[in-house]
Amino acid sequence: MIPFLDIKAMHAELKPELDAAYRRVMDSGWFVLGREVEAFEAEYAAFCGTTHCVGVGNGLEALELVLRAWDIGAGDEVIVPSNTYIATWLAVTAVGARVVPVEPTANGPNIDPDRIARAITARTRAIMPVHLYGEPADMDSIKAIAGRHGLRVVEDVAQAQGAKVRGRRCGSLGHAGAHSFYPTKNLGALGDAGAVTTDDVALANRIRVLRNYGSRVKYVNIERGFNSRLDELQAAFLRAKLLRLDGWNQHRRAVAARYLDRLSGIPGLGLPRAPQWAEPVWHLYVVRTPRRDELMGRLDRAGIGSLIHYPIPPHLQQAYASLGFGKGSLPLAEAMADTVLSLPMDAYLGLDAVDEIARVVRAALA
Ligand SMILES: *Cc1c(COP(=O)(O)O)cnc(C)c1O
């Protein structure tokens, strides 16, 4: 049996550090926005290479608070990938702005810069690229387009903590980076958590106010804010895990290299190939085949976990039926949804397990 993801292996190894983090917070008697949060914000900003990090409640709210801090709302358009998790879209529609979906490059999975340029209108305010599956989007091209049109760029870094473009971390490449620390992400809390990274002090300060009821000084509310605070326990757990993140990502790269070696040359099987300027962190290892459902069944019968990320693109979800995108309106995202399959991938997956998985895949597609 090879599970899709083995979080328990990681937590078994980290138990002493996590227990110590728990005890520190219990002994402090302080549970929301305190010393652990401040320390994590400083450590995570340093890790990402930004001057500021603001801890918030989760990844969706990190995206949403960036848009609110830029006063993006009704009448504005935000360019998003057609091929993404629905959270990217939900952040835009939550502030009342219009999503303008843009298709991925031919080999995917990320947004195509050439198509971004064609989707810009007089109402466009921001571009929200996603580093899907831990593979960096083409930020050089996206930043150049944004610069020409005076647009803001907020990176959705939920799947790419630690990934780099030409030596610089995702989350430091746009005007802001929105991070999720949902437990299954490369850097995961033991519950919900998120953060915004940026070099823009005004943006960081506004998000600090917005996340805490619109207040900088207790009981003085300078605007209508939200409750999206990071709690001390999660920050303490994240501090312990952050020390391991680069090592974990390095192991994920070894797993991906092994998959590439063992799965190469299987007819009809598309393998992920990151551009040479990108250093991905392999949040997911996603292969493509028109025989996806059959392959998933074979893996399941062999005791190997696999998942589909994602089976229904946002524009075909009932939640967005009112936007009027029909089937066939975003064919590349739809083709991805019909053919992608995520194989087991995590920081504790053995290379012998990868060999076993590859044997089953090869036999299934032979
Ligand atoms: C997980 C995820 C989010 C949302 O993060 P939460 O912490 O669950 O709110 C946003 N975008 C992408 C691409 C994600 O994978």
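Strand β4 (residues 124-127) and strand β5 run parallel and are joined by two bridges, strands being DSSP runs of E with at least two residues and helices runs of H or I with at least four residues, numbered from the N terminus. Two strands are taken to pair if DSSP finds at least two bridges between them. Within this pairing, Ile127 has Val153 of β5 as its bridge partner. The chain passes from β4 to β5 through helix α6 (residues 139-149) in a right-handed β-α-β crossover, that is, with the strands pointing away from the viewer, the path from the first strand over the helix to the second runs clockwise.

The model is predicted; local features require pLDDT of at least 70 and side-chain atom pairs pLDDT 80 or more, whereas totals for chains, interfaces and linings use all residues. Residues are numbered from 1 along each chain as its sequence is written, and side-chain values use heavy atoms, with hydrogens and water left out.

Strand β5 is also joined to strand β8 (residues 176-180), by three bridges, and these two strands run parallel. Here Val154 lies opposite Ala176 of β8. Strand β5 (residues 152-156) is mostly covered, with four of its five residues buried (buried, under 20% relative accessible area; exposed, over 50%; partly exposed, in between; 1.4 Å probe, protein chains only).

No disulfides are counted, a disulfide being a pair of cysteine sulfur atoms within 2.5 Å. Cys48 is buried, at 3% relative accessible area, and its sulfur is too far for a bond because the closest cysteine sulfur, in Cys53, is 6.9 Å away. Cys170 is likewise buried, at 1% relative accessibility; the closest cysteine sulfur to that of Cys170 is in Cys48, at 9.1 Å, too far for a bond.
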